[in-house]
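Please read them beside the coordinates.

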Amino acid sequence: MSIFPKFFFTLLGNALPSWLRLYIARVDGDGGIIVDTGHTKEVYADVVDYNPLLIQTCDGGSADDLYSLFAFDDIDDLQLRVVADGGTNADVGQNAKVAQHLWRNDLHNNASIVVTCASIKAGKLYGYQPTVEPDTTLLDYYTGSAAAYSLRSLSTSTTNVVKVRRSGDDAELDFTASEVSDGTLAAWVVAGGGTEDGFVKTWYDQSGNTNNATQAAAANQPKIVSSGTLVTENGKAALEFDATSDHFGFASGLFVNEHSIFAVVQQNNLAGAIIAVSGSGGYYFRYTGSAPASLTWYIPDTTNSVLAFTPASANQELITAIKDNSNVYGYINGGNERSRPSTGNLTSTPTAIGRYAASNYFGGSIQEIILYASAQSANRTGIEANINDYYNIYP
């Protein structure tokens, strides 16, 4: 499919129908690129009638191929066709999964969505501002997680996300994500009297593998309600770890070799583990050094790789760590890639959230940890976009 320069339409001036000139102005204003006139008319007609996405060609994949996803609801066919056209199907495909969900579930009657080349590569939809948060089912799009802990619902099959103990009478109760965010949890904690604090005994695994993170000892449970108020970070519910004893344990053996970690954290102490071995040492993903503490990932395998993440800070951050058969890769807030060689199977795997060995307790907030027993490099930008869209961590 050929692409006509914008000045072609300018030369036509008033010869173009008013509806087509209006359409061109809208796309141009949103940073889109006008495709050939036949396709433009087809897409514009559907904008008027159905308000679908406006699609720009990218990386060799034709605009017709991208448009077919939304016209015929076929992601697999789109992937094959874009590859045949020399396109980059990983970027386009992951963007398409999110776009399809938005198109189905949150259409606006008087607004269109422009998908530009840059937005496809970034895994985001340019110019779209939903009235409700649609990206709450990350695990339904990016399947196969080994364990997933969050205070939002990550799957349509998710029920309870935490079991909470209130300080007033030590009563315990399960809560859904909506009950955490809508005030139900805080009200229940207050009803117990006392200091009106709530602590998490169980952080439920949303992957479907029932590898729940648990802490039976009251003194070691992270806080979720403080003096009757929900603990939050950047406006979203969070677990507060005290840097002294708070941590969870979970079953070992999540990974053999390849794996991926996506974590939303905010650290406030000099050393502490996000996830690590809780016993005598080995695998760790923790902050070390002086404030703001730097993040270090130790992978015990053939090469015993150590990857330093820089720059780490005391701000809320989305941290991604990926190990494949040859290398490990680290990212903070979707950028600043760090990598080094790493080969062979792991000799130890993490068994705790918030603690490394018998010390190095995490201080700060943890809102989400998603673990895959596979290298999620192809899905990384899509997963990060979903997480960042919810937590609004970086631009």
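1. Helices (H or I, at least four residues) and strands (E, at least two) are DSSP runs, numbered from the N terminus. On that basis the protein chain has 11 helices and 25 strands.

2. The model is predicted: local features need pLDDT of at least 70, side-chain atom pairs count only at pLDDT 80 or more, and totals for chains, interfaces and linings use all residues. Residues are numbered from 1 along each chain as its sequence is written, and side-chain values use heavy atoms, with hydrogens and water left out.

3. Of the 395 residues in the protein chain, 54% are buried (under 20% relative accessible area; exposed is over 50%, partly exposed in between; 1.4 Å probe, protein chains only). The accessible surface of the chain is about 15800 Å², with 49% of it on carbon and sulfur atoms (Shrake-Rupley method, 1.4 Å probe; for residues, only the protein chains shown count as cover).

4. Taking contacts (heavy atoms within 4.5 Å) with a separation of 6 or more, 66% join residues 24 or more positions apart.

5. A nonpolar core is a set of buried Ala, Val, Leu, Ile, Met, Phe, Trp, Tyr and Cys residues joined through side-chain atoms within 4.5 Å. The largest has 52 residues, and Trp 203, Ile 224, Ile 274 and Ile 353 have the most contacts inside it. Another core, apart from that one, has 17 residues, including Leu 138 and Phe 262.

6. Ser 227, not a glycine, has a positive phi near 50°. Ser 227 sits in the loop between strands E8 (223-226) and E9 (229-230) and is exposed, because its relative accessibility is 52%.

7. Ala 357 also is not a glycine and has a positive phi, about 55°. The loop between strands E23 (355-356) and E24 (359-361) holds Ala 357, which is buried at a relative accessible area of 14%.
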